[in-house]
Structure formats: C-alpha cells, structure tokens
Amino acid sequence: MAKQRLTWVDVTKGFLMILVVIGHYPGELEFPLSKYIYWFHMPAFFLLSGLFFKEAKTRAEAGESIWKRFMQLIVPYLFFLVLITAMRYGMELGYGNTDLQWYLNDLWTLVVGGRFVRGAYGVFWFVTSLFAVFVLFTFLTRYFSRKVQIGLVTLSYLVAHMESLFAQRVLDGGVVESAQQIPLPWNVDVALMALVYFAIGYYMKTFWMEISGKWLAAGAVTVAICLALDASGLFDYHLSMKFLRYDHFFLDLIIPISCTVVVIGLFQRAARKMPLNWLQFVEKHSISIMYLHIFADIVLNDFFNYGLIGFTAIGLVLPILVSVALEKFVPYGKIFLGGFRPRKKPGSAAMVR
C-alpha cells in the first residue's frame, strides 16, 4: 500500500511539473489554459508537501528537520541561481554589456529574490516560500496544541487576504507592480497563504491518501461549475500566489482544493491500473525542470520557432539532460538536485525495530 501511495504521489507531482512548464508558455493561446492551471497547481504542490510533513518531537529533532529541508531546498536554489546567473552574464558580456551598475543592480535583485526576479528566475519564489512554510509549520506543531495551530493557520489565511486587498486596492499599478511595492525578500509573505494549503495536506492526510468516489465526483462537479461560470463571464477568477493575488475569500479554498481532489483522485485510480513510469521519470528530474525550463526557452527562442508543444518539450527534455549529467558527472550532483539525505545515527535502525 505504501508503495502504491508513493506511485500516485510521484505521478501527480510529475503531472503538476508539466503544468508548471505549460503555465510559463509566453505565446498566445485561444483557450485560457494558463489561467486555469494557476487555479490550483501551486496550491497542490504546497498541499502535497504538507501531506508528508512529520512533527518534530524535540527541539533537536526540529533543528535536524529544518537543516534537512535547507539542504534539500535552499542548496539547489543557490546552485541553480549561480548557474543561470553565470550563463546570463556570459551572454550579456557577449552582447557587449559592460555596464558595472547594471550587474550590481541585477545582483541586488537576485539577493532579494521572490516576486522581484522575473524571466529565467520566474519559479524561484516557490522554493523560498516552501522553506518558510516548513520552518513556520515546524514551529507551530512543536510548540502549540492542535486547536491553537488551526487557529493560527486560520489567522494566517485572513492576514494573507488582507495583504492582497492592500496590494490590489491601495497600492498603485497592476497585480505585478502593486505586489512589488511590498518589499519582503524571498516572497516570505506568500507563506501566509501557502501555510493554509500545506496545513490542509497535513491535517487531512487520511482523506488525501484515498479519495473516495463520492468526493471525486463532488470535486469534478464543482470544477465543472466553476469553469462554466468563468467561461460565461459570470465571474473572472484568478489566483497568483507569487504576486499576492487572492481574488475571493471562499473561492481561494474551494477552487484549488476541488481541482486538487480531482487530479489526485484520478491519478490514484490511474496508478493502480496502468504504468505511468514517464510521469515518475519527470518527477525524478523535477528540480532541474523547475529551475531551467524558462531559461532553456530564453536561450533557444531566438533560433527556433515553436508553439506550445515545442516549448513544453524543450522545457522538459533539456533540463532532464542537465539533471542526468549532474547526477553522473558532477561531484555532489545529487545534492544540487535536492537529493540530500542525512546520515543515520548509530543505533537508529535498532530503535526502529
């Protein structure tokens, strides 16, 4: 059963990673595919992360857990940040850009990170937000009772929406410009909203591990109704966690959760009936895909013309090749891909028995 569960988790994450690539397609599509992808794909990642969270029983255990996540999340973040930046600066120098002030300004933007870095770094905000959520949730579960935890998570949801309203209604500019007027590094404030999805994955673990047919049907009906209402113009729902766009207090739970129920429920059933090794393969190399798919397009789009399918293929294949090369030929390559595993303490195996 455990193996089966891991299979559906892997294939679901692989599917979501493909959606991440598709969601960054810069071309125009007749169907608002990216809009609907953004309804749920990032909340689903946070939810799945919460699904396998383990409470720390002691202060030392909490420290070890946070260190492990730092190595698995922030070390790859820094590695790919340096890798992409070195290549970008090499290209800039090749184009004749020798303006020192430009490089200093760019480096400062990279240090701040989060929603302030665009282009090739468009997905970097997710990792720093996820790490902030993990640290915060470790603290909550270590020092507070379950009732207090839920109360604080609810408060976090309220504050996130208040911040979103402030950005959209008070600050000047569009969604992107207004969010960038809130000067918090690494998108740590996104953790306020992400914490809610993470907590839903953790507290409702039993529900997510085996979604019943009734809940799958209910989720599918809810998603279908929301799509119909949006297509008919009765509402225009958007969700952009990166830029603090939370459009509706209730729909920000109903729509992402319903979509995630459908996706997980379908892949739980599909994983039992057919081999989905290709999605597991995508998930295995998801770190490289996440960091490099936009940069791969930036490098190649001046030389080739391709649509959504070509963009998606390039965004998957080239990062996978880089990932394989890192694993096989670069010392500590697996650590740069998030594969850090702490050494087991002597006697830990005996304790498990």
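**Note on the predicted model: helix packing and selected residues**

1. Tryptophan 278 is exposed, its relative accessible area being 53%, and this residue belongs to helix H13, which covers residues 277-284. The structure discussed here is a predicted model, and in it tryptophan 278 lies 9.8 Å from phenylalanine 15, C-alpha to C-alpha, although the two are 263 residues apart in sequence.

2. Two packed helices are described by the angle between their axes and the distance between the axes. For helix H3 (residues 41-51) and helix H9 (residues 191-203), the axes come within 6 Å and cross at roughly 45 degrees, which makes H3 oblique to H9. The crossing in which H3 passes H9 is right-handed. On the H3 side the contact is formed by Pro43, Phe46, Leu47, Ser49, Gly50 and Leu51, and on the H9 side by Ala194, Tyr197, Phe198, Ile200, Gly201 and Tyr202. Sorted by class, the residues of this contact of H3 with H9 comprise 9 nonpolar, 3 polar and no charged ones.

3. How many of the residues of H3 are buried? The count is 10 of its 11 residues, and H3 can accordingly be described as mostly covered. The buried residues of H3 are His41, Met42, Pro43, Ala44, Phe45, Phe46, Leu47, Leu48, Gly50 and Leu51.

4. Helix H9 also packs with helix H12 (residues 251-273), at an angle of about 50 degrees and with the axes 12 Å apart, which makes H9 oblique to H12. H9 passes H12 in a crossing that is right-handed. The meeting residues are Met193, Val196, Tyr197 and Ile200 in H9, together with Asp252, Leu253, Pro256 and Ile257 in H12. By class, the contact of H9 with H12 holds 7 nonpolar residues, no polar ones and 1 charged residue.

5. For helix H4 (residues 59-94) and helix H6 (residues 124-143), the packing angle is about 175 degrees and the axes are 10 Å apart. Why are H4 and H6 called roughly antiparallel? The label applies because angles over 145 degrees are placed in that class, and the angle between H4 and H6 falls there. The residues of H4 in this contact include Arg59, Ala62, Ser65, Phe70, Tyr77 and Ile84, and those of H6 include Phe124, Thr128, Phe131, Val135, Arg142 and Tyr143. The residues of the contact of H4 with H6 fall into 16 nonpolar, 3 polar and 3 charged.

6. Within H15 the buried residues are Phe311, Thr312, Ile314, Gly315, Leu316, Pro319, Ile320, Ser323 and Leu326.

7. The backbone deserves a separate remark. Most residues other than glycine have a negative phi, and most peptide bonds are trans. Tyrosine 332, in the loop between H15 and helix H16 (333-336), has a positive phi near 60 degrees although this residue is not a glycine. Tyrosine 332 is exposed, with 65% relative accessible area.

8. Leucine 244 likewise has a positive phi, of about 60 degrees, without being a glycine, and is located in the loop between strand S1 (239-240) and strand S2 (245-246). Is leucine 244 buried or exposed? Its relative accessibility is 0%, so leucine 244 counts as buried.

9. Serine 240 is part of strand S1 and is buried, having a relative accessible area of 16%, a value that is under the 20% cut-off. When neighbours within four places in sequence are left aside, serine 240 is in contact with Arg245 and Tyr246.

How values were computed: Residues are numbered from 1 along each chain as its sequence is written. This is a predicted model: local features need pLDDT of at least 70, side-chain atom pairs count only at pLDDT 80 or more; totals for chains, interfaces and linings use all residues. Side-chain values use heavy atoms; hydrogens and water are left out. Buried means under 20% relative accessible area, exposed over 50%, partly exposed in between (1.4 Å probe, protein chains only). Helices (H or I, at least four residues) and strands (E, at least two) are DSSP runs, numbered from the N terminus. Axes are lines fitted to C-alpha atoms, for helices over the stretch in contact, and angles run from 0 to 180 degrees between N-to-C directions. Angles under 35 degrees count as roughly parallel, over 145 as roughly antiparallel, 65 to 115 as roughly perpendicular and the rest as oblique. A crossing is left-handed if the near helix is turned anticlockwise from the far one by less than a right angle, and right-handed if clockwise. Contact means heavy atoms within 4.5 Å. Ala, Val, Leu, Ile, Met, Phe, Trp, Tyr, Cys and Pro count as nonpolar, Asp, Glu, Lys and Arg as charged, and the others, Gly among them, as polar.
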